[in-house]
Amino acid sequence: MTQLHSNLSAADTQREDPPRMIAQPALREAMASWLAAGRAVIGPRRVRTDLVQYQWLTSPDELVTSGFVKPANSIKAAVLPRDETLFTYRGNGKHLKFEPFELPTRPQIVLAARPCDAAALPILDHVFNWDYRDPLYNRRRELTTVISLACQQHDPYCFCTSVGLGPDSERGADAVLVPLEEEAWEVRIITPKGAALLESWTVDCDRRGTAGPGPDPQFDVTHICQKLGYDDDIPWAQLTLRCLGCGACGHNCPTCHCFDIVDQTRRDGGSRVRSWDSCQHAVYSLHASGHNPRPRQGQRQRNRVMHKYRTYPEKFRDVLCTGCGTCGRNCPVDLGVRSVLGEISRRIDSSTVSDEHSSQESCS
Amino acid sequence: MIAQLRTRCRRLLSDGDVQVVIGYEYCEATGAAHPTFLTDPAQADRLTWNGACHHNLVTYLKRPEIQALGRAAVIVKACDERSLVVLQRESQIDRQRVYVIGVTCAADHTRDKETCRACTTPSPRFADEVIGSPPASSAEAKGADGQDRYAQLDRFMERSTEERLTYWQSELQRCTKCYACRQACPLCYCQRCIVDKNQPICIDPATTTKGNFAWHITRAFHLAGRCVGCDACTNACPAGIDLRLLNQSLSRAAEVNFHFRAGEDLDSAPPIGTYSLQDQESFIR
């Protein structure tokens with residue numbers, strides 16, 4: 001197992017510039033001007049009394065910046081839409097005329113992203129620029145400016161600090177808003193893109209903002225990566241028995257990026273579309289022959305955790321997870337990467353216990 | 001009641017009557033209850049029972065991972081039990097192979113006020129045994145006579161067709177087709193769901209308005225006269241889509257047209273799969 005990349009645990013930039021700030025009215029004014037200029041704005045919106053989601057916003061009134069821990073979904077739809085047309089075709093039989101996709105042109109701003117959602121973007125960049133440079137993904141990424149909003153609170157599902165991030169991490173963000181007081185934030189400009197978008201809306205202030213404390217670290221990510229392997233002795237089936245096999249974890253995860261490709265055929269042509277998929281679905285790994293290499297849910301759960309904490313790290317020296325806890329929060333049966341890794345971590349700690357069954361499953 | 005539940009389940013496992021107990025466990029880290037599977041009598045103290053136990057555990061009976069563990073005892077609320085009755089009517093389970101422990105609803109079963117308020121059967125009726133006594137606030141105390149079962153649907157149907165269409169367009173816009181609704185549903189037991197069929201594709205797998213309407217309407221129709229209103233789908237949906245409205249609409253259609261309520265008794269013939277010369281529609285006679 002290679003060492004994980006240094007930026008996983010690197011401290012964020014030491015700040016020397018005098019602090020700048022923005023208050024809620026100025027932020028709303030800025031947002032209105034971006035919308036008026038034709039840019040798309042994606043940010044947290046209360047869609048039900050008990051549910052906040054990132055959505056495409058049409059007015060500053062829709063933006064919510066407090067009263068929730070984390071939007072239930074992620075910002076990945078901004079760079080990897082739920083459905084995306086790869087090409088269209090006309091005609092039938094051997095006489096087909098292909099029309100390639102059109103690259104998007106509309107600049108977009110992800111406003112008030114949680115740092116754990118913003119951090120997912122550089123993680124996804126590796127995937128979409130490895131053996132094939134995905135033009136649609138990369139164009140959307142170029143068109144995107146991310147302004148993240150540091151966390152003041154966390155819940156039992158959060159574990160960003162276990163994967164080298166924290167409540168005011170700068171990774172993946174072009175600017176970070178850090179709470180100063182009610183409805184006002186210190187603005188930390190991270191990139192020229194962030195400066196170009198936000199700097200003119202800020203004013204001087206005399207102090208730095210502070211984020212909340214963040215969750216206590218819950219496991220050693222390097223140990224986890226080392227423990228996972230083709231010959232691991234982790235009782236996956238037992239740890240994940242309650243998994244229902246839906247894609248609530250993967251679809252809402254900021255770093256899960258698998259998609260399915262289908263042809264939507266009409267009489268006179270059609271289009272080839274890629275749509276989000278999840279490795280937790282039984283048909284995900286079903287071969288055309290009828291054989292399924294992962295016929296049981298425990299194997300599918302293992303695949304998901306292995307991809308995040310073994311396969312991706314081997315390739316890119318980083319983990320495919322930002323510790324946002326979205327999987328656990330969305331899971332209908334309260335299972336998530338954190339609970340599975342917590343259990344694996346306890347097993348590492350008590351690896352001297354010879355009897356597998358004696359250290360069985362606390363749920364966590 | 002929890003003590004009684006634990007004692008009983010410990011006994012079922014130690015006597016070898018069942019190989020696995022499907023119940024609920026409390027998670028200290030998250031403060032949530034979740035399904036749990038006990039295979040050893042020593043694990044019985046992990047069982048819990050309170051208002052947070054909203055999952056319909058009957059759905060696990062269809063999963064091969066659970067079937068592989070052997071004969072199961074399953075803990076059911078009255079609403080969950082109705083789905084067991086439908087499975088039995090549809091020859092999907094061998095009732096002798098399942099030990100059913102009914103539990104009366106805890107006084108704090110307010111997870112879903114709308115559905116629980118309209119509930120007329122807080123105590124299971126077909127279980128092998130029932131643990132607990134119905135809370136004072138059950139059936140009679142609630143004054144529930146089934147009339148308000150569709151209160152939420154009635155309010156919804158008062159809106160105009162255009163308003164309802166706008167509502168569903170807006171709600172289903174959030175659906176990402178994670179299929180948590182299908183996976184949580186005890187009655188979605190098709191070996192290969194129609195939405196997973198791709199030769200040819202029957203339902204547009206995209207999450208466009210068209211694709212989402214196709215999926216949710218098809219699923220609702222597949223549950224017409226079968227859905228027992230346990231709300232497992234609505235509770236599972238990470239996008240907070242109120243799927244019960246779709247299901248209720250078809251449940252009421254079955255009730256009005258065929259005088260049938262799914263899962264209420266073991267004798268009534270299900271409307272789907274029954275042919276009658278007295279059918280009110282001429283096309284089928």
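Is Y179(B) buried or exposed, counting its C-beta neighbours inside 10 Å? Y179(B) has 26 such neighbours and therefore counts as buried. This briefing concerns a predicted model, in which chain A has 364 residues and chain B has 285 residues.

**Chain A**

- Chain A contains eleven helices and twelve strands.
- Along the principal axes, the C-alpha atoms of chain A occupy a box of roughly 65 × 60 × 40 Å.
- Buried residues account for 43% of chain A.
- Of the contacts in chain A between residues at least 6 apart in sequence, 71% connect residues at least 24 apart.

**Chain B**

- Chain B is built with eleven helices and five strands. Its radius of gyration is 20 Å, close to the 19 Å given by the globule rule for 285 residues, so chain B is as compact as a globular protein of that length.
- The box filled by the C-alpha atoms of chain B, taken along the principal axes, is roughly 55 × 45 × 45 Å.
- In chain B, 41% of the residues count as buried.
- Among contacts in chain B with a separation of 6 or more, 70% are between residues 24 or more positions apart.

**Contact between the chains**

- Chain A gives 38 residues to the contact and chain B gives 33 residues. On the chain B side, the elements that supply two or more residues are strand 2 (33-38), helix 2 (64-67), helix 8 (180-184) and helix 10 (232-236).
- Strand 2 of chain B provides the largest share of that side, with four residues.
- Sorted by class, the side of chain B that touches chain A holds 15 nonpolar, 13 polar and five charged residues.

- In soluble globular proteins, nonpolar side chains tend to be buried together.
- The largest nonpolar core here has 141 residues, and the members that touch the most others are I147(A), I22(B) and V74(B). The largest share of this core comes from helix 3 (residues 78-89) of chain B, which gives six residues.
- Leaving aside residues up to four places away in sequence, I22(B) touches P35(B), F37(B), L57(B), Y60(B), I66(B), A72(B), A73(B), V74(B) and I75(B).

**Helix 1 of chain B**

- Helix 1 (residues 2-14) of chain B has 13 residues and should span 18 Å at 1.5 Å a residue; its end C-alpha atoms are 18 Å apart, which agrees.
- L5(B), R6(B), C9(B), L12(B) and L13(B) are the buried residues of helix 1 of chain B. They lie on the same side of the helix, because they cover an arc of only 130 degrees around the axis.
- The face turned away from this buried side carries the exposed residues A3(B), Q4(B), R11(B) and S14(B).
- The buried residues of helix 1 of chain B pack against strand 1 (20-26), strand 2, strand 3 (72-76), strand 4 (98-103) and strand 5 (129-131) of chain B.

**Backbone geometry at individual residues**

- Most residues other than glycine have a negative phi, and most peptide bonds are trans.
- Y179(B), a residue other than glycine, has a positive phi near 65 degrees. Y179(B) is placed in the loop between helix 7 (161-172) and helix 8 of chain B.
- R317(A), also a residue other than glycine, has a positive phi near 50 degrees. The loop between helix 9 (297-316) and helix 10 (326-330) of chain A holds R317(A).
- R317(A) counts as partly exposed, because it has 15 C-beta neighbours inside 10 Å.
- The peptide bond from Q199(B) to P200(B) is cis, with omega near 0 degrees. P200(B) belongs to the loop between helix 8 and helix 9 (209-222) of chain B.

**A buried glutamate in a loop of chain A**

- E170(A) sits in the loop between strand 7 (144-149) and strand 8 (175-181) of chain A.
- E170(A) is buried, because 21 other C-beta atoms lie within 10 Å.
- E170(A) and A118(A) are 52 residues apart along the chain, and their C-alpha atoms are separated by 8.1 Å.

Terms used
Residues are numbered from 1 along each chain as its sequence is written. Chains are lettered from A and ligands numbered from 1 in the order in which they are written. This is a predicted model: local features need pLDDT of at least 70, side-chain atom pairs count only at pLDDT 80 or more; totals for chains, interfaces and linings use all residues. Two residues are in contact if their C-beta atoms, placed from the backbone, lie within 7 Å. Ala, Val, Leu, Ile, Met, Phe, Trp, Tyr, Cys and Pro count as nonpolar, Asp, Glu, Lys and Arg as charged, and the others, Gly among them, as polar. A nonpolar core is a set of buried Ala, Val, Leu, Ile, Met, Phe, Trp, Tyr and Cys residues joined through C-beta atoms within 7 Å. A residue is buried if 20 or more other C-beta atoms lie within 10 Å of its own, exposed if 12 or fewer, and partly exposed in between; C-beta atoms are placed from the backbone. The expected span of a helix is 1.5 Å times one less than its number of residues. The arc is that of the directions from the helix axis to the C-beta atoms. The radius of gyration is taken over C-alpha atoms; the globule rule is 2.2 Å times the number of residues to the power 0.38.
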